[in-house]
Amino acid sequence: MNSIADRLHEIRLRIERAAEKAGRNPKTIRLIAVSKTKPVSLIREAVAAGVTDFGENYIQEAREKIPQVAGKVRWHFIGHLQKNKAKYAAALFEWVHTIDRIEIADALDRRAGMEGHQLKALIEVNVGKEATKSGVEEKELIPLVEHVSGLPNLSLKGLMVIPPITTDPHEAREYFIKTRRLAEQVDALHITGVSMEELSMGMTSDFEVAIEEGATMVRIGTAIFGPREMP
Ligand SMILES: *Cc1c(COP(=O)(O)O)cnc(C)c1O
């Protein structure tokens, strides 16, 4: 079996190739290693191999693992957030990718204020045809953006999407395109304090397609750490 360092090397090459194919600078794409369900020992291996950004989905797990990882590492919350966990999210994470309602934005803002720091925020959009649980509906996006723009401790940086699960990565493309277009629409409004510089999209099965469509953050778990035992 390949080491984490070998797998990372391979993924970085694939990121470079996808960027070049799309005429983009590979340096503008940030690799987020998704370490949910994986032990701290593997996270440390990834840190040693140069990974600087990690994603976690579950607050309880993050509370146990994050304090055990030394070094200059940025943590991204990419899971579904409950309001009563906002205080931990604001304390543990530099980025939250999954803001999808006013209630959560308000809770994070309040807690970030108490922590005395700015939280970098992405809004998760639901551009899927079928009803998925999370993400803001297209018609609710602008009102949510406007609301978040008024929160002093959240800094809105872009959008995040999780396309419906498919077997063909190319089926994800339309969702990535839709997300990019929504970001362009938000940008065109020139709302103070809002930037749409980040598009968090693409996972193990479809990150190259996401890069072709403008992703600036790819969230990759399985290709780095191997399959997870829990779904
Ligand atoms: C688990 C997860 C990932 C990583 O998925 P892989 O297919 O293992 O790369 C990315 N984004 C989110 C939101 C996730 O929950």
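1. Around the ligand stand 13 residues, and of these K36, N57, T204, T222 and R228 come nearest, a residue being near a molecule if one of its heavy atoms lies within 4 Å of it. This is a predicted model, in which local features need pLDDT of at least 70 and side-chain atom pairs count only at pLDDT 80 or more, whereas totals for chains, interfaces and linings use all residues. Residues are numbered from 1 along each chain as its sequence is written, and side-chain values use heavy atoms, with hydrogens and water left out.

2. A polar side-chain atom of R219 lies 2.8 Å from a nitrogen atom of the ligand.

3. Helix α6 (residues 138-149) packs with helix α7 (residues 173-188) at an angle of about 40 degrees, their axes being 11 Å apart. The two helices are therefore oblique to each other.

4. In the contact between these helices (heavy atoms within 4.5 Å), E138, L141, I142 and V145 of α6 meet K178, L182 and V186 of α7. By class, this contact has five nonpolar, two charged and no polar residues.

How values were computed. Axes are lines fitted to C-alpha atoms, for helices over the stretch in contact, and angles run from 0 to 180 degrees between N-to-C directions. Helices (H or I, at least four residues) and strands (E, at least two) are DSSP runs, numbered from the N terminus. Angles under 35 degrees count as roughly parallel, over 145 as roughly antiparallel, 65 to 115 as roughly perpendicular and the rest as oblique. Ala, Val, Leu, Ile, Met, Phe, Trp, Tyr, Cys and Pro count as nonpolar, Asp, Glu, Lys and Arg as charged, and the others, Gly among them, as polar. A polar contact is a pair of N or O atoms within 3.5 Å; within protein, one must be able to donate a hydrogen and the other to accept it, and residues adjacent in sequence count only if both atoms are side-chain atoms.
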